[in-house]
2 protein chains.
Amino acid sequence: MTPPPLPHRVTVVEVGPRDGLQNEAGVVPTAAKVAFVNALSDAGLPVIEVSAFVSPKWVPQMADAAEVFASITRRDSVRYTALVPNLAGLARAEAAGVREIAIFAAASETFSKKNINQTIAESLATYRGVTDQAREHGIPVRGYLSTCFGCPFEGRVAPDKVADVSARLLDLGVFEVAISDTIGVAHPGQVGEVLDAVTTRVPLSQVALHLHDTRGTALANVLAGLQYGVTTFDSAAGGLGGCPYAPGASGNLATEDLLYMLDGLGIETGVSLPKVVAASRALASSISHPLPSRYLQAEGARKQERRVRS
Amino acid sequence: MTPPPLPHRVTVVEVGPRDGLQNEAGVVPTAAKVAFVNALSDAGLPVIEVSAFVSPKWVPQMADAAEVFASITRRDSVRYTALVPNLAGLARAEAAGVREIAIFAAASETFSKKNINQTIAESLATYRGVTDQAREHGIPVRGYLSTCFGCPFEGRVAPDKVADVSARLLDLGVFEVAISDTIGVAHPGQVGEVLDAVTTRVPLSQVALHLHDTRGTALANVLAGLQYGVTTFDSAAGGLGGCPYAPGASGNLATEDLLYMLDGLGIETGVSLPKVVAASRALASSISHPLPSRYLQAEGARKQERRVRS
């Protein structure tokens with residue numbers, strides 16, 4: 001009955017400024033984004049996905065990607081990354097001084113078609129050009145793989161399919177595959193099933209988990225991932241985000257909630273939870289709805305309670 | 001790296017009508033409570049904590065306990081229980097035809113004083129009278145033990161203290177101790193620590209977990225509990241509730257979120273998730289805020305999305 005040992009240290013990849021904000025209906029001012037990224041840097045997050053060099057026509061929220069990169073205060077200890085869909089995006093990213101990028105494929109054909117209007121094979125062919133050029137220019141590439149635990153159009157996705165596309169991303173030269181629960185349907189049993197399949201093709205050290213808390217299972221899935229030996233987890237400060245093309249998807253796993261559990265488990269991250277809370281609070285005024293992080297809401301309730309009692 | 005085997009079947013104890021509603025500021029009409037309990041019965045929940053026979057002066061929301069019990073449609077397969085603080089409460093409960101009760105002690109002295117104005121020893125002396133009489137009358141008694149993972153006034157609570165009060169509850173004759181995370185601070189590592197201590201004094205088969213999702217960790221804690229071999233979990237439909245005396249406590253683990261994970265893990269409960277969703281939706285109009293269940297909110301978003309798209 002003893003649970004498996006957990007890793008001593010975990011890398012938290014902060015995706016709030018990109019995967020979080022890109023799903024916000026109202027455009028967030030560039031200065032607020034810059035302040036958000038800087039505050040997240042201050043909090044000790046080792047990797048921050050800052051923006052995306054995608055078409056402003058499709059994702060207006062990311063139109064200021066170059067401006068954000070030009071304005072943030074970069075720390076040597078932090079990797080500032082950007083999402084890039086194609087060679088044009090890579091060129092814009094490089095011009096903006098981006099030194100690490102991410103590409104995004106899907107494990108579900110229907111989702112790939114609806115999200116990026118390409119079949120999986122077509123998307124990988126596009127990315128071949130991107131990863132070849134990135135390699136030449138010494139730019140590491142991360143690979144997201146969406147809908148690994150379920151697709152809003154196809155339902156269940158076969159773990160072998162997830163493993164297959166993961167392996168093809170690795171063939172392109174990505175240093176890590178972020179196995180993503182785009183619509184937040186995963187349960188902990190599935191985490192083991194999918195990781196069993198993926199790790200037949202990709203070394204566990206190159207696998208990250210990117211979870212959404214849509215149905216409240218994100219931290220249970222993190223626990224299952226930790227027990228499996230996964231040491232890289234994506235999250236978004238405040239629980240921002242989701243996916244605009246995935247019905248019902250609401251909210252990345254909140255960085256605050258993830259850190260609260262990791263801190264409790266004695267797993268080192270190098271990140272300050274109070275500073276992440278401060279970063280989210282500062283951003284909150286630029287967002288039209290309450291941030292969904294449970295931890296953040298609980299801290300807010302405590303503060304209010306203290307005011308009422310004092 | 002193989003996770004421990006999980007139980008095949010779990011008992012879900014529905015506490016929404018009592019632990020959930022007692023924390024609502026606005027009084028919920030008796031008819032809405034009756035309909036809620038009946039809908040939860042229809043959903044297949046095997047145990048429903050219907051109300052509390054406490055002083056209406058302290059908890060006005062529970063003033064209609066007898067009326068609710070008189071009006072619900074009882075099924076033979078369901079245990080309808082009530083919280084009882086003392087012999088007067090037991091007398092009222094028996095007069096209302098209640099056939100199973102629960103008592104509530106705390107693992108933290110300060111919380112005991114603030115919550116029920118008695119030391120732990122004083123409360124156990126009071127309960128001695130209740131459990132003796134209940135035994136004479138053939139009424140099974142469940143014991144809640146609050147603040148097992150942390151106290152809003154004392155902070156960390158020693159697992160040995162939790163084990164000690166659990167054992168004293170068992171001495172009183174309770175058939176089960178619900179180890180409760182009153183303020184929702186537990187993390188999965190603590191679940192193992194506390195259960196290690198408690199099970200030196202109480203058989204695991206008599207231990208239930210009562211978790212709150214205040215900081216998003218409830219389902220991760222359920223997973224840790226399942227891996228430990230716990231087979232009884234409390235939850236509240238819609239994620240209702242919390243504790244009015246515990247700063248920052250917001251929301252029991254939602255029955256919907258718990259069922260979504262248990263269903264995914266293939267663990268039998270005999271409960272219909274869609275029917276619990278329907279029960280929560282029907283109650284929602286009597287509540288002044290959105291119900292916090294993540295699953296419920298995701299399903300709401302999907303429904304809305306379908307309307308927008310069609």
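## Model and conventions

This is a predicted model, where local features need pLDDT of at least 70, side-chain atom pairs count only at pLDDT 80 or more, and totals for chains, interfaces and linings use all residues. Residues are numbered from 1 along each chain as its sequence is written, chains are lettered from A and ligands numbered from 1 in the order in which they are written, and side-chain values use heavy atoms, with hydrogens and water left out.

The complex has an ipTM of 0.93 and a pTM of 0.95 from the predictor.

## H8 and H9 in chain A

Helices (H or I, at least four residues) are DSSP runs, numbered from the N terminus. Axes are lines fitted to C-alpha atoms over the stretch in contact, and angles run from 0 to 180 degrees between N-to-C directions. H8(A) (residues 188–198) and H9(A) (residues 218–228) have axes that come within 8 Å and cross at roughly 40°. The two helices are therefore oblique. Angles under 35 degrees count as roughly parallel, over 145 as roughly antiparallel, 65 to 115 as roughly perpendicular and the rest as oblique.

Contact means heavy atoms within 4.5 Å. Pro188(A), Val191(A), Gly192(A), Leu195(A) and Asp196(A) of H8(A) meet Ala220(A), Asn221(A), Ala224(A), Gly225(A) and Tyr228(A) of H9(A).

## H2 and H11 in chain A

H2(A) (residues 30–42) and H11(A) (residues 273–284) also have axes that come within 8 Å, crossing at roughly 175°. That makes the pair roughly antiparallel. H2(A) contributes Ala32(A), Phe36(A), Ala39(A), Leu40(A) and Asp42(A). H11(A) supplies Lys275(A), Ala279(A), Ser280(A) and Leu283(A).

## H9 and H10 in chain B

In chain B, the axes of H9(B) (residues 218–228) and H10(B) come within 11 Å and cross at roughly 45°. These helices are therefore oblique to each other. Leu219(B), Val222(B), Leu223(B) and Leu226(B) of H9(B) touch Asp257(B), Leu258(B), Met261(B) and Leu262(B) of H10(B).

## Aromatic pairs

Rings of Phe, Tyr and Trp (its six-membered ring) pair if their centres lie within 6.5 Å; planes under 30 degrees apart count as stacked, over 60 as edge-to-face and the rest as tilted. The count is eight aromatic pairs over all chains. Tyr260(B) and Tyr295(B) have ring centres 5.3 Å apart and planes at 35°, so the pair is tilted. This pair links distant parts of the chain, 35 residues apart. Tyr260(B) lies in H10(B) (residues 255–264), and Tyr295(B) in H12(B) (residues 294–309).
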